[in-house]
Amino acid sequence: MLRTSLCDLLGIEYPIIQGGMAWVSTAELAAAVSEAGGLGIIGSGAAPSGWLKEQLRKTRQLTQKPFGVNVMLRSPFLDEIMSLLLAEPVAVVTTGAGNPGKYVASLREAGTKVIPVVSSVALAKRLARGGVDALIAEGMESGGHIGELATMALLPQVVDAVDIPVIAAGGVFDGRGLVAAMALGAVGVQMGTRFMCAEECTVHRRVKEYVIKARDRDTAVTGISTGHPVRALRNKLTRKYQEMEKENLSPEEIEKLGVGSLRRAMVDGDVENGTVMAGQVSAMVKKVQPVKDIIRDIINEAGLILGRLNRQVIN
Ligand code: TUI
């Protein structure tokens, strides 16, 4: 057992949230995480509201426990996604890739807890003033769209800047990561990459194999020159990005490479020509495991570490 205030806030057993990854975090994974005592999250990415409606139905069929939806704020379907979430409220909405400020009040009125992902102290402060329920401070160790700071530096700065609960994301893989995050002031963790290789995750089998094969330096950040940095596993596509960035091609030209590339990897399994968004902890993923085992291992390990740290300290 390892409960924190996050468990009470969200009505969950363990302080572990699953990242809402576009094309990866579907009903099957979200329901499995919620059933195992964490908070499962459907990643709505750039999908239309019809897709999300079907995912909500499936998730509700698979679990009675609370779950959430991640809203990617650069989605072309943002308005209809938000309307659906007001018509069919979920327990939690997390957001990414922007400032969700103007949606906070209406979501909360619908009974939804709003937990934006932030990568800077400035946005954390602004959103805390705007009345969000908690924040996820995401370091650049994460996969996908990232900010500039690493979790070790970002997290305590966000914790000090706001008086609402803060959840850590980026570089968290196991019980060590959970305890470290708590030491830095977090009430829990969000993990994406680890859950991507869960048995229940519907991502293409070749993606799980590619993550498991990855070593410590096998992720790359592309898109820094376009203002939209993305971390993904190195492959033919990230090398093409890097060449184009070196040649100083226009952001529009470079961004064309990304269109449709996430789906190509995650759904079609093209791990060479698609964008395999995954975090720096990819190298720590050694096998495909059921969600229940992942959560159990993390909680057990965190408990052992907490005991050991206590005994290690010499008074
Ligand atoms: O959102 C993510 N990770 C993502 S979103 C995504 S889909 C996408 N693909 C290409 C380009 C853009 C999106 C893949 N992975 N993580 C949460 C996150 N949010 N990380 C960083 C941010 C962030 C960045 C800027 C949050 C707010 C922000 O604010 C800018 C502003 O408007 O103030």
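Helices (H or I, at least four residues) are taken as DSSP runs and numbered from the N terminus. The structure is a predicted model, in which local features need pLDDT of at least 70 and side-chain atom pairs count only at pLDDT 80 or more, while totals for chains, interfaces and linings use all residues. Residues are numbered from 1 along each chain as its sequence is written, and side-chain values use heavy atoms, with hydrogens and water left out.

Ser282 is located in the loop between helix H13 (261–266) and H14. With a relative accessibility of 1%, Ser282 counts as buried, a class defined as under 20% relative accessible area (1.4 Å probe, protein chains only). A polar atom of the Ser282 side chain is placed 2.7 Å from the backbone oxygen of Gly279.

The ligand is surrounded by 13 residues, the closest being Ala97, Gly98, Val117, Glu138 and His145, where a residue is counted if one of its heavy atoms lies within 4 Å. Nitrogen atoms of the ligand lie 3.0 Å from a backbone N or O atom of Ala97, 3.1 Å from a polar side-chain atom of Glu138 and 2.9 Å from a polar backbone atom of His145.

Terms used:
A polar contact is a pair of N or O atoms within 3.5 Å; within protein, one must be able to donate a hydrogen and the other to accept it, and residues adjacent in sequence count only if both atoms are side-chain atoms. Helices (H or I, at least four residues) and strands (E, at least two) are DSSP runs, numbered from the N terminus. Buried means under 20% relative accessible area, exposed over 50%, partly exposed in between (1.4 Å probe, protein chains only).
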